[in-house]
Every structure is written in structure tokens, then in C-alpha cells.
Amino acid sequence: MKQYMKLLPVLALGMVVESCVDDAILPYSVQKPTSVAQYEYLNNYDVLKSYLDRAKNPNFKLGLAASVSDFVQQGVVYEAVTTNFDEMTAGNAMKYASVVADDGTMNFSTVSNFVDVAKAAGITIYGHTLGWHAQQNMTYLNGLIADKEITVDPGDMEVVQDAYFDYSKYTDYPFYVMGYTPEFVDGCMVSHYPGEWYQYFVADQIPTSVGLNYKLTVCIQGSAPGSLNAQFGNWGNLLEQTVSFNEDWQEVSVEFANCPVESSFVVFQPGTFDGDVRIKWLKVTHTVAPSIGKEVPVIEHDFSDGEPISGWGEGLKISVVDGACVIENPSAAQNWEKQLCYEQTAPFENGKTYFLRLKVKGTKDGAIVAGFQNPNGYVGCGDFPAFSVTTDWQEVKVSTTCTGDNATRLLFNVGDYEGTLYFDDVCLFYEEKTNVIEMTPEEKKDTLTWALDNWVKGMMEATGGYVTAWDLANETVSGVDNDGDGFYDLQSSENGDPTTNFYWTDYLGDIDYVRILESRARKYFKEYGGDPSKLKLFINDFNLESWWDGNKKVKSLVEWIKRWESDGVTKIDGIGTQMHVSYILNEADQKAQEDAIVNMFKILAASGKLIKISELDMGIVDKAFGTAVKTENVTYEQQLKMAEFYQFIISKYFEIIPVEQQYGITQWCATDSPADSGWRPGEPTGLWDSSFKRKPTYAGFANGLAGKVIAEPSEELSQEK
């Protein structure tokens, strides 16, 4: 579909002219083809912002999203923004990943330049965005909370022995023979000089790791002072060092750096040394940082699920009261006659040491014994030491080694405790040695709170109080309700993709995340010159017009805002509805979508918040819903349908949202999306085509702003020929 209508001459031709409307007058008289004439009605439209009723709502902002790099060049994009709009939203320049480097340094030069150019042009900026899970610097943020290696002095390193060969244990040569075989005499490996350049194995099959450094230590004596070449590795990758010796027994060490193989040997080459070489023993070692025990839970039970420990025994009553397990035993018996039991599917590991930790108290002093059991034959597989019970809560910790196979039960023998026991926070775990320290959840929250604070502070300093409206948190609500409370959960790694997104809520919490953002935004906005009374903070999200689930997402967002504000301190000023919509060629589905849009606006109006259509753009989908029609395949008649839909959306916004809640409307795509774009590629998303010529959607947008149809398409040309 070819279009010939010009936009503004200043935009389409790059010339400075007086006119601010499209000029479709050709320089000579011709018969105009239908493909040209059907667009002529668009010349009757003025610039978009001229259709706003400023007397009715002087604070209303008509906005456009655009690339900052294009805007600051003050070319066609700059003219589009300054001629038609009041405000601009940066596409990417103000997002976290655009500013924060892998080492955490922040470069706000692009943002500061953007502010300067916009200020000079009299264009306000809508800040997009302070908080989001997408387009974050994953390298930096994940590095902040990564496990930390233990820092130790070199002298505190632990020595790990990889191999030890005591030659007094040998009578026959155990290694591969390379033309010469040493002897074993008086508890030593002895080599005699058979001629130049002989060599022999002194060690083989040593487990090594690529990249580590290894030390070879040998107890050695020569019949005279001398030296030999020691080779370490394998025949494809050898490291070499010189071992010196004399007539006295001595321990000589050499080091091999950056081991190239996973299994190594040691070969000695005495070379031209004309004498005997005697070796008592040889060892290979490497050093590691001291390790600590990392807890690996097997059983964790805090009774918050309301489920007690299972158990049996005459008269034994087990329940959960006030978040603790209550075990009532009315009469004493043999301790094993009444038991509490955790039954596991996977057996405990024979030979492994386990630790049992729990909080316990009772109605009298006493003692409890726990242990492992194989239920097949009721075989005991290791008992923990008895732990005492007092009338006050205390935390106890005991350990034991599992001593049998197929033990799947952890039992507590309580038969001889007559009275009531209380258990809480039961944890059975084993320890893994590690040389790293994992940050606690509290440490991660503290660290990321600092990072978020640093980010917001830097952005507010760079914008210097000029940007008074912000997406405080972007796209916070998911489309799933895993907790079953009737509202969608917030975005998190549980319902999203943590490999590409960084979910602040995972570490800061669903409530504190937004509260931290809000408090820092207000603090630093004021600190860097902003008027606090003018700052407006929005929660921005998509699919709030969702017709397929009865507008559940917008209902969920309103509920989450209530939760964030429940402290009486946090204040959310507004809600942004993105509205990346599509006109649906299926009439029933399109009607359902329009009804849901009306319902969304009603819900948003009832919230009492400022309401902004924050990212409006439009595609078109076929009757199967979901298959986008590409720009080159959209008919003129379908363009008119899209224009009507734009008019519907904008007119319903003005009709339903009270004037005092109308913040503004931002068009997300000025022009149709290129085929290679990362956003709705090849779709007719713009008010202008790719050459900045007006489209019928421009007219629909303007009609919505004006509250009436400015110019009608010619009826006889309404059908494409």
C-alpha cells in the first residue's frame, strides 16, 4: 500500500517553512489516483496538541516516546515532538542498563544532555523508569549478592595432599618401565647411572585439576651433589622443574604452576648425573582457602503450614497451636512406645554426619532422644545424643552419623516424657565444605537496598528536579495467582525468567521494594532541587485492559497499591496503563476488547489516582486473534478501523476519567515499526508512516483529543480500488 501524503514540510523535507499542516498540493494539475486522493482529508488536520482543551485541563500532558539520541540531534524526531506534543518519554536512555556498567559505575551524561535539550525546547520529560525487573545490569547486580570467597592470609591456607608414595612399601617396580627400572633397597627407590638421559616414573595417576598449582616434595639423597629434571603432567602437556640434592638426606620441594591436565605423573630424568639417586618418599600437594561448613537442609519444618509431625502411641495427641507443634502425652511408657516421625522418600546416607536443630520446651524438665531408623525390620541406624527439655524455650543442636542403609525415618522417642512438649523450627541438615560464604537474605536485602538507593540518587541528581513525573515501578504485576488470594502476584523469579531479568522483589520483598523506591525518589528529588509538591510517582503496567480475564490485572494493581500505601507513609500518585493494543478483525473479540477498555477506565477512575495512558500504540490482528497483519498488508479500510479505535480509546479516557485525574496520554510509536525492530516488528504502530507522512490513525488520534471528527474521509474513496 503506497501513500503519497506529506507530513509537515519541515519534517518530511527538513526545510524551515511557515506551514504546520500537511501540504498535498502538487506543482501541476493531474488526475489524482485513488491511492493519493483518499488521504487528502488528512491535510485538514492541525498539529495534535492544538486539539487539547487547555482551559478545561491546563495540566494535561500530550506525550510521545522517542529515542533520546534522535531527539537531541534536533532533526525530524525533535520537530515531531516539539510541534505536536508537550512531553517526551525516553525509549531506553533512562533505564538502568543504559546507565549502569558491569562494575557499577553510572554514566548519566546522556540523561543530562537530554534534560538540557528538552528544557531549552520547553518540553517536559516523563521519567521511564526508576524500578523494573527488565533491562537491568545483571552482571553487576548478581555480582553484588554472589557468594564471596573466604579471604585469608597466605600462611593460613590449608594444605591438601593429592598423592603420597612411601617407597619402603614396594619390592617390585609398580610403574610403566621406560627402558630403565630402579631398584628397591633398604626402604628406598634407588636408581644407578646406566648412561646419559635415562628416565623413570616415580609417581603416576595423581588426581589433579586444570589450572591449580601443585607442589612436589621428595625426600632424596645422592651419592654426590647433583640435580635432575622432574616432569609433571602427561606426555601431551608437561611442566618441568629442577630438583637439586647432595649426600645428605633432605626434603626438596618444587612447584608446578597452572596444571594443564586432570591426571598427572612424575618422571625423573637424572640426565648426566653419574651416581646413585635414593628416594624415601614423594608427595604432591596443593593449597586451598580454609573451608567452612555450609548447611544443606534435609528436613525443615516451622509448622506455618499447620501440619504437625506425624506420630503414634497410646494416648498421644499431636497438633499445631500458634505456629508450634504441641505433643500431649498423658501417661509415661517406654520411650520408644510413643514416637514422632518424619518419613523421607530418599534414605539418609549411610556414613554421613547429620545435625539436628530445633526449638523445644515442655511442661516439666526432661530429655528426648532422636535417631534414624530403617522401617524394614525397624532397624536403628544411629541415635543422636539425648537433648534436654526445660520449661523455657531453648534451641538445641545435636549430631550423629547415619550407620545403616535404607534409613528413611527420623524418630523422636517421647514415650517416657509425661506431659506436654512444644517443638518449633525443626531442621535436619548436613554440612558441605566450601571456601565461599553465601550472603544471608538480610545481607542481600541490605546490599541491594544500597544499590537501589544509589541508582535513584544518581538519576535524581542528573535530572536536577526538572523531571517531575516518573514510572516509579514498571510492570510489577504478573499474570498468575499462585497464592490463591484472588489477585495476581508480583513479578518474581517464580513466575518469570531470572536468566534475563533481575527481580528486586525476590530480595527486597513485595512490599518493601516499592516503598524503598518511593521513599528514595521523594528524598532525592527534593535534595536535588525539585519541588516536592510537583513530584508525581506512577505505577506503570500493561494488559490492564485485559478482556480475556475480566480486567483482573488492573484490579490486582489497584489492590497492590493499597497494600503499598497501607503504612500511611507511602504515596503512589498515579497509574499508567500502557495500552499496546491491536484492532481485532473479529468483531465479537473487538467488542469484548472495547468493553474491557471501558471497564478498565472505570476501575482506574475509582482508584482516585492520576491516570495516564502511558504507552499507546496499535497493531491489527486477523480474525484468528494473535496473528499480526504487517504494515504492507493493511488495507485503507482497515486503517480507518484503526483510526476509529484510536478515537474510541481517547474519547473514553476523557469521558470516564475525571478531569482532576487526567494526567495525559503518550503515544509510544511515532511511526510504523521497522521490519527489523525489536518492538512489534513490521507492524503499523504509528500515527505517521516510516517517512513521517500522516496516516488515518493520526486523524483518529486527533478526533479523540478534539472530541469530534475534524474531517471525514471521502465516501466515494472509502473503498480501496
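Start by selecting residues 109-121, which form helix 6; helices here are DSSP runs (H or I, at least four residues) and strands are too (E, at least two), numbered from the N terminus. At 1.5 Å a residue, the 13 residues of helix 6 should span 18 Å, and the end C-alpha atoms are 19 Å apart, which agrees. The expected span is 1.5 Å times one less than the number of residues.

This is a predicted model, in which local features need pLDDT of at least 70 and side-chain atom pairs count only at pLDDT 80 or more, while totals for chains, interfaces and linings use all residues. Residues are numbered from 1 along each chain as its sequence is written, and side-chain values use heavy atoms, with hydrogens and water left out.

**Around helix 6**

Within helix 6, show the side chains of Val 111, Phe 114, Val 115, Val 117 and Ala 118, its buried residues. Buried means under 20% relative accessible area, exposed over 50%, and partly exposed in between (1.4 Å probe, protein chains only). An α-helix has 3.6 residues a turn, so residues three or four places apart point the same way. Then click on Gly 122, which follows helix 6 and has a positive phi, near 75°.

**Helices 12 and 13**

Next, select helix 12 (residues 587-606) and helix 13 (residues 636-656), which pack at an angle of about 25° with their axes 10 Å apart. Axes are lines fitted to C-alpha atoms, for helices over the stretch in contact, and angles run from 0 to 180 degrees between N-to-C directions. That makes helix 12 roughly parallel to helix 13 (under 35 degrees is roughly parallel, over 145 roughly antiparallel, 65 to 115 roughly perpendicular and the rest oblique). The contact (heavy atoms within 4.5 Å) includes Ile 597 and Phe 601 of helix 12, and Phe 645 and Ile 649 of helix 13.

**Helices 10 and 11**

Move to helix 10 (residues 510-527) and helix 11 (residues 552-564), whose axes come within 9 Å and cross at roughly 75°. That makes helix 10 roughly perpendicular to helix 11. Select Asp 510, Ile 511, Val 514 and Arg 515 of helix 10 with Trp 560, Arg 563 and Trp 564 of helix 11 to see the contact.

**Arg 522**

Stay in helix 10 and pick Arg 522. Not counting residues up to four places away in sequence, Arg 522 touches Leu 535, Leu 537, Lys 571 and Asp 573. Finally, find Lys 457, which is 65 residues from Arg 522 in sequence and 10.0 Å away in space, C-alpha to C-alpha.
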